[in-house]
Amino acid sequence: MKEEEFKMKRNKVNGMALTLAVVCMLSVLSGCGGKRGLPEKNADGKIQFSVGGWPDDTNKENQDFKNKRKAEFEKGSSEYSIVTDSYIYDTKTFTMKANGGTLPTVYDTWFTEIDKIIDAGYAADITEYMDKYGFSEGMNPELLELVTKDGKIYGIPWVAYKMGLYINKSIFRKAGLVNEDGSIKYPTTYDELAEFAVTVKEKTGIPGLVLATANNNGGWNFMNIAWSYGVNFMEQDSGGKWKATFDSQEMRDAVKYVYDLKWKYNVLPDNTVIDLTELKKTFGTSQAAMFIANPPRSELCTKFGMNKDDMMLVPIPAGPKGRYAQMGGNVRMISPDATPAQIDGAFKWTMYDLISKDLTEEQIKNKEDTYARTIADGGIVLNRLAFDLWTDPQRMAQETEISSKYANVDPKDYDDYFNNDSVTIRPEEPVCSQELYTVLDGVIQEVLTNKNVDIDKLVTTANNDFQANHLDNLE
Amino acid sequence: MKFNEKTDGLINFSDLKKTRFKLLYWTMFAILIFISLICIIPILWVVISAIKPMDEMYRVPPTIIPESLDFNVLKNAWQKVQFGKYFLNSFILIAGAWVCDVFFNGICGYALSRLKPKGTNLIMTLLFWTMLISGISMVPLYETFVTLGGVGHFWPLWLQAGCNAFNVMLFRNFFNSIPMAYIEAARIDGLSEIKIFFKIIVPLSIPVIMVVTIFSVSHQWSNFMWPYLLLGEDKIPVAVKLFMIDSSENIMDNEKMAIMLFSILPPAIMYCFFSKRIMGGVSMTGIKG
Amino acid sequence: MKNNTKKQFSGAFPSVFKKTLKRNMPGWTLLLPSIVLFIVIVWRPIIVGVLYSFFKLNGFHPVGFVGFDNFIKVITDSNFIKTLFNTFKYVIWSLIIGFPLPLLTAVMLNEMLAGKQYFKISTYLPGIIPGIAVCLIWKTLYGEGDGGLLNMLLAKLNMGSATWLADGNKVIPLIVVMMSWQGFGGTLIMYLASLQGINQELYEAARIDGAGFFKRFTHILLPHMSGIILLVLVRQIISVFQVTEQPLIMTDGGPNGASLTLGLTNWRYAFKFGQYEKSLALGVVAFLILIGLSIIYHILDKKIND
């Protein structure tokens with residue numbers, strides 16, 4: 001009897017377990033078929049699409065400005081209705097939003113994220129619209145290539161730049177790094193860069209240079225140095241397999257250079273956890289005299305109170321094997337859940353608000369408004385775009401004409417950066433660039449925190465790690 | 001010091017007549033002072049930094065105690081961020097989550113501890129395993145909420161608080177410690193199960209409810225990931241705003257500290273205000289026998 | 001005899017069933033809402049996650065069954081062992097720093113005649129600060145050079161300055177100190193609540209029997225609190241084992257991976273590299289490791305409850 005009871009009890013428990021499991025499994029199979037993305041039509045029958053990156057309440061003035069633009073657009077194209085969304089691209093939540101189908105129809109991101117997004121199918125194929133609205137033929141092919149995969153286009157690059165070397169003029173003056181005519185001297189090679197940094201440190205006590213070290217920014221920053229030292233990071237063999245090739249003397253020299261900046265010359269800040277925000281803060285609050293970045297850097301003024309006339313941008317220094325500057329920029333993408341009508345609307349808005357092949361009167365006015373706002377906010381307007389977005393020289397001249405009217409910095413501080421032809425612009429590495437940056441972050445951190453580091457071993461390990469953990473996993 | 005009034009605890013008045021116990025008492029007192037200092041110095045640092053003028057913030061070397069005070073930092077930070085709205089959102093989030101947390105986990109813990117229907121062991125095992133897993137389920141859960149139409153609403157967050165395996169365990173452990181004799185006595189007096197629950201169990205449970213309340217409130221106050229994912233700009237709570245501010249370009253460092261101060265103040269005030277009640281509630285209960 | 005039993009049993013079955021139903025109905029009714037919630041919000045998503053770890057995913061949509069491939073990739077990653085080792089280092093440091101302190105503080109605090117309120121409030125304050133704020137605050141405390149508060153204090157004491165988070169040997173204990181600071185108050189409150197429940201007569205009786213301070217501590221206080229101590233211990237091990245946010249914000253896993261954890265690696269797979277299947281597989285691996293710990297808990301829990 002006792003045994004019977006026990007058996008019954010056990011059966012019951014097993015039964016319940018089974019039921020629970022079945023319920024769970026059933027619910028696994030069901031569900032997840034819900035509607036994704038924004039419905040095409042709103043209650044008034046208008047085609048609606050959402051636009052991310054809308055200014056939130058902390059930025060009331062910009063919000064009002066944008067809202068005005070939205071109202072004007074909706075008046076001009078009355079079949080559309082814009083839903084605003086304050087979502088700003090952020091690695092922490094992007095995947096979830098994209099998978100859940102809650103991305104805004106229109107979102108902006110950076111060049112470094114493009115591959116990941118296209119591979120995972122988080123961006124809509126917009127080839128048709130790029131052709132229709134003239135982007136495909138008018139845009140700089142170098143940029144189009146970045147957003148193209150298997151012949152399809154997935155994004156609209158709207159800002160592009162090459163990296164340069166930012167200099168704090170007032171620190172340089174204090175350090176006596178001035179030519180006879182009063183202009184600022186600047187380094188043109190990485191060796192000179194180290195010398196200048198030493199002078200700054202000796203004369204003012206301020207670290208001469210700040211390099212990023214964390215959150216992939218370390219690797220990203222280091223690419224400029226590495227390429228100029230002749231490092232070749234990867235190669236594709238005849239079988240299509242990618243091989244890591246930076247276990248080389250060039251890489252050792254480049255890493256040794258960073259090591260020397262810290263331990264031989266001692267010209268870097270004490271802090272060794274430096275992401276992009278920290279990087280800008282260190283330079284913007286005059287706690288370092290130089291850093292590698294791209295223009296314009298309005299936030300240095302608006303956020304950290306730096307004087308815009310204290311900044312100067314010069315070409316990236318040359319290394320022993322060349323003078324390479326990394327290309328970067330922003331790209332607009334469209335949610336894969338968007339319907340054709342929504343994509344069309346999103347393009348019309350983008351052309352109205354951001355970028356289009358031909359400049360209309362209205363767009364010129366928009367651009368002027370934007371520049372005026374930047375100046376009102378205390379930001380920087382340069383006399384030209386940082387990069388030739390369009391192939392048509394006349395189109396670029398038009399841009400230059402508009403921005404020249406509003407330029408609020410001395411063009412001399414930027415001329416060398418724009419006009420130096422010895423600099424070669426390079427896009428990111430073809431595959432696994434984010435993974436490579438993470439590996440390089442580790443290398444940079446190690447040489448900056450460990451005086452007794454074995455660079456040979458460090459580089460070999462990094463190369464092998466990158467090969468085994470990332471390149472070998474590619475299909 | 002009225003040592004002769006100390007009638008409870010490990011050491012009581014009769015012990016404290018001896019010198020070595022007195023010594024022990026004062027040593028403990030000194031250690032506690034030290035610990036409490038460690039706890040509050042970083043917070044004081046925030047307060048100081050929040051009223052430090054910008055130029056002192058970035059001076060080399062920076063000042064520890066500011067030479068001049070700039071209360072405008074607080075004002076500017078508040079105006080820039082319009083915190084009132086986010087505080088209200090936090091309040092709605094916390095209130096709903098608290099109700100669900102106490103109610104669902106409480107009755108679940110009670111059933112598992114006192115009623116023990118068939119299947120209790122199975123559920124206990126499942127609950128325990130649940131505590132061990134995190135991260136695997138994020139995307140599927142997000143998809144679930146999207147499917148159920150929870151994006152932009154508070155209720156998914158409330159319901160999420162309603163299934164907290166740890167709190168279920170906490171309730172169960174607590175109910176386990178209530179002497180069965182109370183319930184037996186009530187049964188003999190002819191009280192129904194429901195009456196037993198409300199007349200005997202609930203009043204006895206105040207300590208554990210208080211503990212869960214504190215956990216629930218402080219967890220929700222700093223809950224960031226899910227509100228960030230689910231709620232729109234008009235509904236986000238303070239913690240999410242904090243995160244957004246960290247990467248925001250137009251907030252200065254001292255203003256950032258001021259904003260952190262704002263995020264500390266309300267719960268601190270609430271806690272100071274209610275702590276007597278909370279602790280009083282804890283000690284007034286009848287578990288002591 | 002045999003016949004008899006069978007007959008009795010079959011005849012009694014409906015009533016046994018009814019009886020079972022009647023006895024269990026209140027319990028099941030109370031459990032039902034919780035179970036539904038747990039299935040929808042917790043268990044089902046977990047099962048989906050585990051299932052998908054055996055697939056190749058495009059975004060989060062399975063495109064092909066790959067068996068144990070994802071697991072092999074995750075485990076053969078050349079940093080896996082190091083990361084696992086780091087994660088255990090966090091756990092061990094948290095057991096050294098974060099576990100005994102709240103317990104001893106609670107016991108001491110419970111003995112105080114004056115200042116109790118002040119101690120309770122001051123020790124609980126860190127617990128109410130949102131996690132992100134805690135990390136940002138401590139980052140400024142641990143600041144390198146002369147910018148960090150700790151270095152400023154050291155300079156005031158003429159002791160030079162130290163490296164903090166940049167030192168690969170120190171970085172984990174330093175992050176654990178911060179985590180312990182944050183979690184201190186919450187644990188303390190649980191212990192205090194439990195201490196209130198100790199039957200004072202037991203102390204009285206022990207005193208009459210001539211039991212000294214330590215005997216009272218080990219024979220009355222500890223046994224009474226063992227349940228809650230164990231629960232706190234388990235929770236602490238589990239939560240520290242999954243630590244992600246703190247190293248992410250404080251050091252990004254650096255210097256050179258010295259503070260990298262399984263959780264952070266998982267985060268990188270999922271959000272930085274967009275390799276969801278690997279993230280899921282690593283989550284399952286972490287879960288399997290925790291199951292090992294859970295078995296220990298069950299054994300201990302049984303011992304205490306019996």
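How many residues of domain 1 of chain B are in contact with domain 2 of chain B? Keep that question in mind as we look around this predicted model.

## The two domains of chain B

Let's start with the layout. Chain B is split into domain 1, covering residues 3-50, and domain 2, covering residues 76-288.

Now for the opening question: five residues of domain 1 of chain B are in contact with six residues of domain 2 of chain B. On the domain 1 side of this contact in chain B, four residues are nonpolar, one is polar and none is charged.

## Where chain B touches chain C

Next, look at the contact between two chains. Here 82 residues of chain B are in contact with 82 residues of chain C. Helix 1 of chain B, residues 19-50, provides the largest share of the chain B side, with 13 residues. Sorted by class, the chain B side that touches chain C holds 57 nonpolar, 17 polar and eight charged residues.

## Helix 1 of chain B

This helix deserves a visit of its own. Helix 1 of chain B contains 32 residues and reaches 46 Å from its first C-alpha to its last, close to the 46 Å expected at 1.5 Å a residue. Try to find the bend of about 30° at Ile40(B); a proline, Pro42(B), follows within four residues.

Which residues of helix 1 of chain B are buried? They are Tyr25(B), Leu32(B), Ile35(B), Ser36(B), Cys39(B), Val46(B), Ser49(B) and Ala50(B).

## Helix 8 of chain C

Now move over to chain C. Its helix 8 runs over residues 171-196, and these 26 residues reach 37 Å from the first C-alpha to the last, close to the 38 Å expected at 1.5 Å a residue. At Gly183(C), helix 8 of chain C bends by about 45°.

Why is helix 8 of chain C described as largely enclosed by the rest of the structure? Because 23 of its 26 residues are buried.

## The nonpolar cores

The largest nonpolar core has 244 residues, and Leu209(A), Phe291(A) and Val211(B) touch the most other members. Helix 8 of chain C gives the most to this core, contributing 16 residues.

Zoom in on Leu209(A). Beyond its neighbours within four places in sequence, Leu209(A) has contacts that include Leu193(A), Ala197(A), Leu261(A), Val267(A) and Phe291(A). There is also a second, separate core of 48 residues, with Ile118(A), Met139(A), Tyr154(A) and Ile343(A) among them.

## A look at chain A

Finally, step back to see chain A as a whole. Chain A has 19 helices and 14 strands, and its C-alpha trace spans about 100 × 65 × 50 Å along the principal axes. Of the 475 residues in chain A, 45% are buried. Among contacts in chain A between residues at least 6 apart in sequence, 77% join residues at least 24 apart.

Chain A is divided into two domains, each made of two stretches: 47-162 and 329-406 for domain 1, and 164-293 and 431-473 for domain 2. Their C-alpha centres lie 32 Å apart. Four residues from domain 1 of chain A and four from domain 2 of chain A form the contact. On the domain 1 side there are no nonpolar residues, one polar residue and three charged residues.

Definitions and conventions. Residues numbered from 1 in each chain as written. Chains lettered and ligands numbered in written order. Predicted model: local features only at pLDDT ≥ 70, side-chain atom pairs only at ≥ 80, totals over all residues. Domains from an automatic or database assignment. Contact = placed C-beta atoms within 7 Å. Nonpolar A, V, L, I, M, F, W, Y, C, P; charged D, E, K, R; others polar. Helix = DSSP H or I, 4+ residues; strand = E, 2+ residues; numbered from the N terminus. Expected span 1.5 Å × (residues − 1). Bend = angle between axes of the 7 residues up to and from the residue. Buried ≥ 20, exposed ≤ 12 C-beta atoms within 10 Å, placed from the backbone. Core = buried A, V, L, I, M, F, W, Y, C linked by C-beta atoms within 7 Å.
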